[in-house]
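The sequence and structure come first, and the notes follow by topic.

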Amino acid sequence: PLLHLMSCKPRICRAGVDFYKSNKIFPYNGNFKRIFQVTDASFPPDCVYIYRKQLFNHIITRQKMKKGFVFLCGIAAMFSLLSCDNEDVGSGEYVEDDVYAFSMTFGTMPSLYAGLYAVDREIPTYFFFERVQTFDQEGFPEHVMLCPYLGADQEEQMRDWMKNTIRDINEKNPDAQFELYVDDLRAGPISHDFFAAQGIDMSRVKVIMLSDGTGTYNEFFNNFGASGTGETYWKKMVDEINSMSWSGDGAYVETKALPEFETHWHWSYPLATRENYTYIMHDSGLLETSDPYVKERIKEMHCEDRNVVDMLNGLSPDKQKTFLSMIPYEKDVYVELMDESPKPNLIINGTSNDPENQRKYVGEVYEKYKDDYDVFFEPHPADESYLEYETAFPGLKNIPKMSFEFVMMFIGDKIDAIGGYPSTIYLTVPVEKVK
């Protein structure tokens with residue numbers, strides 16, 4: 001335990017329980033903030049809480065422990081307090097400017113939105129994307145600084161790196177303006193914890209909430225769609241939001257086990273009525289409710305209907321080239337596949353959890369359309385059952401795996417018909433092409 005604690009890593013583990021060290025020690029209600037926190041409520045009975053109060057460390061145990069172990073833990077915690085300040089993860093390089101962008105995305109669609117904004121905006125941008133297969137890290141333009149901690153297994157380090165960077169910019173440039181590009185359902189807590197809770201008034205932060213597809217509309221309808229309960233739940237979300245301080249008054253939120261990534265998903269809708277929040281989605285007309293109160297609130301939301309294909313086409317040729325260089329796929333491979341035959345192209349999009357019925361469905365579509373179309377199968381990224389389709393259905397071709405948003409970017413104009421399993425792709429595909 002002594003060696004673990006003295007190592008000053010962002011995550012310190014014992015008996016399967018994670019400890020996180022806070023970024024800094026700040027006075028709070030007359031005492032000092034907690035410097036370590038057990039983040040698993042089901043921690044074993046012999047795990048240790050270590051606090052910094054006044055000038056001493058208090059070690060609290062759920063059951064009696066050997067005095068030697070307690071003593072070592074106390075010394076280690078004091079040593080780590082003196083020698084470390086959670087700078088292990090570092091921070092992004094400071095570049096003097098007036099506006100800074102931070103992108104934190106966890107789904108493919110929000111990452112594509114964020115990437116397009118990053119290319120177009122040409123301001124210092126600090127960029128994280130959880131799905132590492134989405135982009136080629138070597139393809140980003142120079143003004144984009146990638147977080148060194150990418151992927152789902154490094155979210156804790158990313159969080160600390162981003163917060164360190166934000167505080168560093170704010171300290172060196174107190175008048176700086178910020179832009180936050182983030183998944184819509186995570187936007188509320190992240191915007192609060194990463195900016196307001198770091199002493200930054202939200203009037204200096206423009207938050208762009210990026211839709212993750214069908215979840216945007218399903219979550220809205222399931223929680224705000226019914227008459228009566230929709231109004232009640234909306235007001236509940238507003239009360240939760242208003243209970244937080246958004247003025248950057250110096251209140252410091254201690255490091256914790258990423259609740260900002262996984263809680264309060266429904267704040268995004270009421271927050272969209274605030275002046276500094278903008279909600280980007282395919283079609284805001286799909287926000288459906290039978291509640292009269294919520295219908296009025298929808299009118300107050302700052303929504304912009306945009307899709308990634310139109311955004312890409314709206315970029316200058318040079319910026320389009322830059323963005324396409326960020327995508328780890330060769331466009332020509334897909335174009336050549338579509339152009340091998342003069343027949344129109346039909347695509348069947350797949351799923352990942354129904355291999356037996358999927359094969360049957362593909363066979364039926366193949367038999368119905370094979371004479372009039374070149375039939376292609378677009379596999380779900382997690383599916384492996386499709387590999388024998390080209391043998392089972394002569395003439396059918398499998399499209400090399402990649403997110404369908406990329407397929408639309410590359411060959412959307414070459415798709416004559418499409419159908420298949422429910423997917424966010426149908427928010428992008430022209431309705432006249434859907435079979």
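This is a predicted model: local features need pLDDT of at least 70, side-chain atom pairs count only at pLDDT 80 or more; totals for chains, interfaces and linings use all residues.

Residues are numbered from 1 along each chain as its sequence is written, and side-chain values use heavy atoms, with hydrogens and water left out.

**Overall make-up**

- The protein has 16 helices and 18 strands; helices (H or I, at least four residues) and strands (E, at least two) are DSSP runs, numbered from the N terminus.
- Of the contacts between residues at least 6 apart in sequence, 69% join residues at least 24 apart, contact meaning heavy atoms within 4.5 Å.
- The protein exposes about 20,200 Å², and carbon and sulfur atoms supply 50% of that area; accessible areas come from the Shrake-Rupley method with a 1.4 Å probe, and for residues only the protein chains shown count as cover.

**Nonpolar cores**

- The largest nonpolar core has 95 residues, and Phe 102, Met 162, Phe 195, Phe 323 and Met 409 have the most contacts inside it. A nonpolar core is a set of buried Ala, Val, Leu, Ile, Met, Phe, Trp, Tyr and Cys residues joined through side-chain atoms within 4.5 Å.
- Helix α3 (residues 108-121) gives the largest share of this core, eight residues.
- Another core, of 14 residues, lies apart from the largest one and includes Leu 346, Val 362, Tyr 389 and Phe 393.

**Pockets**

- The largest pocket has a volume of about 660 Å³. On a 1 Å grid over the protein atoms alone, a cavity is a set of points where a 1.4 Å probe fits but cannot get out, and a pocket is an open set with protein on both sides within 12 Å along at least five of seven lines; lining residues have an atom within 4 Å of a point. Grid points are joined across faces, edges and corners, and a volume is the space filled by probe spheres set on the points.
- Its lining has 26 residues, with Arg 131, His 380, Pro 381, Glu 405 and Thr 424 nearest the centre.
- That lining divides into nine nonpolar, twelve polar and five charged residues; Ala, Val, Leu, Ile, Met, Phe, Trp, Tyr, Cys and Pro count as nonpolar, Asp, Glu, Lys and Arg as charged, and the others, Gly among them, as polar.
- The second largest pocket holds about 230 Å³ and is lined by 16 residues, of which Val 309, Asn 313, Met 408, Met 409 and Asp 413 lie nearest its centre.
- Helices α11 (308-313), α12 (317-326) and α16 each supply at least two residues of this second lining, which divides into eight nonpolar, five polar and three charged.

**Helix α16**

- Eight of the eight residues of α16 are buried, so this helix is largely enclosed by the rest of the structure.
- Among the buried residues of α16 are Phe 404, Glu 405, Met 408 and Phe 410.

**Single residues**

- Leu 324 sits in helix α12 and is partly exposed at 25% relative accessibility. Neighbours within four places aside, Leu 324 is in contact with Leu 312 and Phe 410.
- Ser 316 is in the loop between α11 and α12 and counts as partly exposed, at 33% relative accessibility. Its C-alpha atom is 8.8 Å from that of Asp 120, 196 residues away in sequence.
- Glu 122, in the loop between α3 and β9 (125-129), has a positive phi of about 55 degrees although it is not a glycine. Glu 122 is exposed, with a relative accessible area of 54%.

How values were computed. Buried means under 20% relative accessible area, exposed over 50%, partly exposed in between (1.4 Å probe, protein chains only).
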